[in-house]
Amino acid sequence: MVHAFESVFEKLNVRKVEDLFFKIHPDYVQSVSEVRMEYVQCPACQQHTKQAWVYCFDGDRLQEDVWSICHECQKQFYTLQVGAKLIQKRQDIVDGDWYYINSDDKAGFKNFEELNPELTAAKGKATDYIKDLLEGKIRNLRISGTPGTGKTHLAKAIARTLKHKGRKVAFIESRKLFDNIKNTFGNRVAQERFEKQFADFDLVVLDDVGVETNKAADELSWSSREWVKLIDLRRGKSTVYTTNFDKESLKAVIGARSVSRIGENSETIELFTPDHDYRDRLLY
Ligand SMILES: [Zn+2]
């Protein structure tokens with residue numbers, strides 16, 4: 001503070017506090033006397049740590065603020081601002097890797113079309129699921145159904161609602177998730193960061209489970225081992241899985257062990273259109 005004034009004095013080529021004051025207020029020369037720089041009460045911390053001009057104007061003691069708050073409070077304010085910016089920046093980086101819902105994507109409960117009783121029931125289950133999580137319960141949710149039945153819309157609505165409530169949320173297609181896993185191959189630091197982040201979210205939504213693998217036997221056995229690891233990492237946390245596969249078909253794709261683990265402590269929403277047997281088409 002003092003240093004700031006000293007440099008101002010130097011620039012203006014003045015030596016005394018009064019000289020500086022009258023340089024700023026040349027019209028006060030006649031009416032003002034006893035100009036001093038004093039410490040007055042800072043409105044932020046209530047301490048007498050804020051500098052102000054104090055002077056006598058026609059016999060009255062008046063005060064003119066130099067700063068709105070004291071130097072310590074300014075410093076603290078700045079530190080908080082920088083801290084908040086850093087936290088936001090870190091959050092943005094994590095979101096870039098894990099939260100694949102565009103900011104202009106408004107898929108929510110309000111615009112979820114309840115075209116039939118099944119969809120109304122599905123929406124009810126999804127909102128109950130959110131309520132459970134907000135109450136601190138740990139629950140999994142599997143949303144299975146034919147493409148185009150609104151699974152992803154519901155999953156996005158869940159993710160967006162909980163993120164809006166301040167929870168740490170990931171929303172990622174399982175194909176993208178597995179691409180990211182492959183990108184960490186041979187890089188232990190990246191692998192550990194991936195696992196730590198994946199385990200840390202309050203909620204992870206894995207969209208379109210089962211499309212991440214081609215059906216070659218060697219890749220299938222690798223991806224089903226990965227699924228066991230991934231589901232293990234989410235132990236004690238809540239995870240939503242959407243998939244085109246019903247339970248039995250999903251076993252063939254990600255492994256029976258994983259399907260059984262997903263089913264622990266779990267809700268299920270099934271949205272299969274009855275007009276064709278979807279399972280037969282998928283198990284070619
Ligand atoms: Zn202060």
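These are my notes from looking through a predicted model, entry by entry.

**Confidence**

I checked the confidence before anything else. The mean pLDDT of the protein is 88, and 90% of its residues reach 70 or more. Where pLDDT is low, the predicted coordinates should not be read in detail, so I left it at that.

**Zinc site**

Which residues coordinate the zinc ion? I found C42, C45, C70 and C73, each through SG, at 2.3 Å. I then looked at the geometry: the angles among the four donor atoms run from 105 to 115°, and the site is tetrahedral. For reference, the ideal angle for four tetrahedral donors is 109.5 degrees.

Along the sequence, the donors follow the spacing C-x2-C-x24-C-x2-C. I wanted to know what the site links up. C45 sits in the loop between β1 (32-40) and β2 (50-57), while C70 is in the loop between β3 (60-65) and α3 (71-98), so this pair ties together parts that are 25 residues apart in sequence.

Are C45 and C70 buried or exposed? C45 comes out as partly exposed, at 26% relative accessibility. C70 has a relative accessible area of 2%, under the 20% cut-off, so I put it down as buried.

**Sheet**

Next I traced the strands. They form an open sheet of three, in the order β1-β2-β3, with antiparallel pairing. β1 and β3 are at the edges with a single partner strand each, so one side of each has no neighbour in the sheet. On average, neighbouring strands are turned by 30° against each other, direction ignored.

How many bridges join β2 and β3? I get six, in the antiparallel sense. Within that part of the sheet, C56 stands opposite R61 in β3. I also looked at what packs on the sheet: α2 does, touching β1, β2 and β3. The direction of α2 makes about 110° with that of β1.

**K16**

Last, I looked up K16, which lies in the loop between α1 (2-12) and α2 (17-24). The relative accessibility of K16 is 45%, which counts as partly exposed.

How values were computed: Residues are numbered from 1 along each chain as its sequence is written. This is a predicted model: local features need pLDDT of at least 70, side-chain atom pairs count only at pLDDT 80 or more; totals for chains, interfaces and linings use all residues. Side-chain values use heavy atoms; hydrogens and water are left out. Donors are N, O and S atoms within 2.8 Å of the metal (3.2 Å for Na, K and Ca); water is not among the atoms, so sites may look incomplete. Four donors count as tetrahedral if all angles lie between 85 and 135 degrees; four count as square planar and six as octahedral if opposite donors are over 155 degrees apart and all others between 65 and 115; anything else is irregular. Helices (H or I, at least four residues) and strands (E, at least two) are DSSP runs, numbered from the N terminus. Buried means under 20% relative accessible area, exposed over 50%, partly exposed in between (1.4 Å probe, protein chains only). Two strands pair if DSSP finds at least two bridges between them. Axes are lines fitted to C-alpha atoms, for helices over the stretch in contact, and angles run from 0 to 180 degrees between N-to-C directions. Contact means heavy atoms within 4.5 Å. pLDDT is the predictor's confidence in each residue, from 0 to 100.
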